[in-house]
Amino acid sequence: MLLPSPWRADFPAIAALQRQGQTYLDSAATAQKPQALIDALTHYYANGAANVHRAQHLPGALATQAFEDTRHKVSQWLNVGSSGQIVFTHGATSAFNLLAYGLEHVFEPDDEIVISALEHHANLLPWQQLALRRGLKLVVLPLTETGLIDVEAAACLIGPRTRLLAVSQLSNVLGAWQPLTELLAQARAQGAMTVVDGAQGVVHGGQDLQALGCDFYVFSSHKLYGPDGVGVLYGRHQALATLRHWQFGGEMVLQTNYYEATFRPAPLGFEAGTPPIAGVIGLGASLDYLNSLDPLAVAKHEAGLHQALREGLLAREGVQLLGSPELALASFVVDGIHNADLAHLLTEQGIAVRAGHHCAIPLLKSLGLAGAIRVSLGMYNDSDDLERFFNALDQALELLQ
Ligand code: PMP
């Protein structure tokens with residue numbers, strides 16, 4: 001079936017990569033950028049860069065306005081009401097670290113932090129290290145056979161000692177929506193705080209965090225067709241108010257003398273130093289671009305491509321999918337073939353997919369695997385990309401099998 005992408009030409013890098021003989025199928029690692037974002041960055045740098053929230057001059061006022069406009073656009077993308085609940089960080093990873101340090105004072109020894117077996121290192125290591133620092137217990141929710149967090153097991157494991165639940169919305173390895181509604185309800189019933197890793201989920205359309213009801217939600221701009229170096233931490237007003245300040249420096253302070261200081265509340269109190277100004281403005285341009293598209297058409301295109309990817313993989317002898325991927329990506333191994341050998345032959349043929357542990361070493365280990373190949377899709381991919389991938393895969397399998 002032919003699945004052309006109506007948005008392919010909006011992403012100049014796709015054609016450039018094709019001229020370099022590359023088929024890009026690694027959007028879950030980072031997405032290519034729309035022309036609208038490139039134009040916004042050029043406009044900002046070509047017309048006068050300025051620092052935000054500091055300067056009284058015109059360039060400073062314009063930069064601050066554009067920066068704050070993005071905060072508003074992010075709050076709309078997440079449907080969270082007030083943009084004062086959006087904190088800009090330097091990436092999803094820095095947002096998780098901010099949380100793990102900013103919430104440290106909330107925990108008593110023997111309190112429990114609950115995560116799941118499929119978490120990316122970014123939503124595992126900050127909590128693991130917090131648990132080690134403070135003598136807390138890290139509880140790991142198991143997965144069902146199809147790669148979903150096991151809600152029934154969670155009902156036993158989330159209990160009165162649970163102080164915080166931190167889980168992914170959409171796994172970067174298994175590609176399935178996780179049962180967040182049930183998990184968050186279980187945590188809330190125990191009075192625990194909730195953190196959602198939205199790094200992969202946020203890419204597939206606007207979110208409704210008011211309906212979801214999490215305390216915190218984290219993502220990176222660069223996977224949402226925006227610039228790298230920018231992350232977002234959403235926190236409900238009351239949840240943000242429990243955070244202790246973490247990084248200290250310019251513009252996050254209210255008053256200080258040489259010996260002590262008082263600090264601003266969120267969001268600015270958690271944006272110490274010069275933030276990634278161009279990146280934040282660029283993220284706003286990416287969101288404008290995404291908002292100009294028909295979300296149903298994008299979802300339909302992505303679903304069609306994913307189905308073709310999944311069916312094509314399952315049709316090949318010896319291919320085993322990890323979990324039961326339902327959108328955006330599929331990870332797989334092939335019986336009797338080392339993923340590094342396969343990755344090498346795919347790379348040689350210009351197929352840009354990801355191979356290895358996907359920053360989820362414990363998950364891969366629990367599946368008994370050293371690594372896997374992951375094919376991930378963006379809105380600019382089309383059926384020709386998949387055809388090139390499958391041709392390359394068949395060539396590689398013929399050599400290796
Ligand atoms: N969580 C998930 C599910 C991810 O896929 C990633 C990025 N691979 C992250 C967190 C961390 O994002 P970043 O590297 O942009 O901080």
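**A tour of helices and sheets**

The crossing of helices H4 and H5 is right-handed, a term that applies when the near helix is turned clockwise from the far one by less than a right angle, left-handed being anticlockwise. The model is predicted: local features need pLDDT of at least 70 and side-chain atom pairs count only at pLDDT 80 or more, while totals for chains, interfaces and linings use all residues. Residues are numbered from 1 along each chain as its sequence is written, and side-chain values use heavy atoms, with hydrogens and water left out.

**Stop 1: H4 and H5**

Select residues 92-102 (H4) and 125-134 (H5); their axes come within 9 Å and cross at roughly 20°. H4 is therefore roughly parallel to H5, the word for angles under 35 degrees. Axes are lines fitted to C-alpha atoms, for helices over the stretch in contact, and angles run from 0 to 180 degrees between N-to-C directions. Helices (H or I, at least four residues) and strands (E, at least two) are DSSP runs numbered from the N terminus. Now show side chains: Phe 96, Asn 97, Leu 99, Ala 100 and Tyr 101 of H4 meet Pro 126, Trp 127, Leu 130 and Arg 133 of H5. Contact here means heavy atoms within 4.5 Å.

**Stop 2: strand E6**

Select residues 193-197. 5 of the 5 residues of E6 are buried, so the strand is largely enclosed by the rest of the structure; buried means under 20% relative accessible area (1.4 Å probe, protein chains only). Met 193, Val 195 and Asp 197 point one way, Thr 194 and Val 196 the other.

Ser 168 stands opposite Asp 197.

**Stop 3: the open sheet**

Here 4 strands run in the order E11-E12-E15-E14, with antiparallel pairing. E11 (319-321) and E14 (354-356) are at the edges, each with a single partner strand, so one side of each has no neighbour in the sheet. From one strand to the next the twist averages 30°. Helix H11 (residues 295-314) packs on this sheet, touching E11, E12 (329-334) and E15, and its direction makes about 10° with that of E12.

Finally, select H12 (residues 339-348), which lies across E12, E14 and E15 at about 40° to E15. E14 and E15 (residues 372-376) share 3 antiparallel bridges, and Gly 356 has Ala 372 as its bridge partner.

Conventions:
Buried < 20%, exposed > 50% of the residue type's maximum accessible area, 1.4 Å probe, protein only. Pairing = 2+ DSSP bridges. Parallel < 35°, antiparallel > 145°, perpendicular 65-115°, else oblique.
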